[in-house]
Amino acid sequence: MKKRYLFNDLLKYLDHKNALIITGMRQVGKTTLMKQLFDKVDGPKLWYDFENPLDLLHFENINYDAIYEVLKNESGVGDKRLFVFIDEIQNFPEITKIIKYLIDKYNVKFIVTGSSNYYLKNLFPESLSGRKFLFVLQPLSFSEYLFFNDKIEFNEHSKELKLKSSYSLLEYKKYEADYQIYLDYGGFPEVVTTADSSTKKLILKNIFASFFEKDIKVLSDIKDIRELRDLILMLVPRTGNILDVTKLSNELEINRVKIYGYLELLQGVFFIKLIPKYSKSIDRTVAGGRKVYFADTGLLNIIGKVNDGQLFENAVANQLSYYGDLFYYNKRSISEIDFILNKDIAFEVKLKSSPGDLKKLGKNAAELGLNRYYLISKNFSETDRTVFPMFL
């Protein structure tokens, strides 16, 4: 079973006292990743799935010491440290208090998954501050896509984006066809490892359906699912654009407060990304319109249709987000920059870059005091400072 790049990061903290929390969208491989960690533990360990009511019984006693005795007897832990793996913790919110108690008193190591950041924020209150490390598992990056399809050897993902000064046409052509498939079908592991295109689409439809059946109907208190569905459909043609919540409110006939709530929910369950406007002032990054992108281009293509430029820009947004925080810049529609990574590197996304694009980007970046700037081109170009998405 192939391992995600995040596996090695998690492995570093397997002996640390803190609980490891793995979150992310459904079907990105959280359970598989946790099973791989389970296999690495050489010692007393237990596995529980909180979608199974019988597994929940182990943690429903109000006496937390009694819970530990049950776990101890099941594992035969003796004097060794006990490792407890729990899948889908959002189904039992009370578990946070138990985790805190068993970490503090018995040094139990917890490795858990939860499918929604929106709810995990509430599941892990201040009482667990200093006792958890939270990791987000995203759909496969393009290099992971290549690795899962045996096109490259394992190449541990670096937290720092490494940008080459130039690429040859031969290098570009080597992965051009694969990148188009990645654009069309996205990075869900089951989709990536499925060869047939019609089956890929069927899997993506099931993922979308599961999103409504699990994350929305079960976890939220939304009364009218149709409102949320219609909002998602309205967001598709707005991919890569600055959201105007007032227009959305008028077109959907839903009040603005509810629209904001839906957007926060969609971002919280990792369905969309909302990118704020760049500002050197911390406060201003939370004000004004945000640009919207979908968490997976395959999912975006199943929900609706966007043009080639929008689809490519969405893929780049997802790829760059592996390396840190993204912002965009817009000054009265006169000068704009598609992405600013970690308030340090400016990127402009083009289907094919040109010297004119580079000159304009350099001028806009200089206005913000940014010395590092690059064009990201889908098609091959020999323009200076041009990088290609398959190497991000």
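Ala, Val, Leu, Ile, Met, Phe, Trp, Tyr, Cys and Pro count as nonpolar, Asp, Glu, Lys and Arg as charged, and the others, Gly among them, as polar. With that in hand, let us look inside.

This is a predicted model, in which local features need pLDDT of at least 70 and side-chain atom pairs count only at pLDDT 80 or more, while totals for chains, interfaces and linings use all residues. Residues are numbered from 1 along each chain as its sequence is written, and side-chain values use heavy atoms, leaving out hydrogens and water.

**Empty spaces**

Rolling a probe the size of a water molecule over the atoms shows where empty space is left. On a 1 Å grid over the protein atoms alone, a cavity is a set of points where a 1.4 Å probe fits but cannot get out, and lining residues have an atom within 4 Å of a point. Grid points are joined across faces, edges and corners, and a volume is the space filled by probe spheres set on the points. By this rule there are 2 cavities of 30 Å³ or more.

| Cavity | Volume | Lining by class |
|---|---|---|
| Largest | about 100 Å³ | 6 nonpolar, 5 polar and 2 charged residues |

The largest cavity is lined by 13 residues, and L140, Y182, A295, D296 and N318 are the closest to its centre. Around the second largest cavity you will find M25, R26, I207, F211, D215 and V269.

**A helix contact**

F208, F211, F212 and I216 in α10 meet I225, L228, R229 and I232 in α11, where contact means heavy atoms within 4.5 Å. These contact residues divide into 7 nonpolar, no polar and 1 charged.

Key: Helices (H or I, at least four residues) and strands (E, at least two) are DSSP runs, numbered from the N terminus. On a 1 Å grid over the protein atoms alone, a cavity is a set of points where a 1.4 Å probe fits but cannot get out, and a pocket is an open set with protein on both sides within 12 Å along at least five of seven lines; lining residues have an atom within 4 Å of a point.
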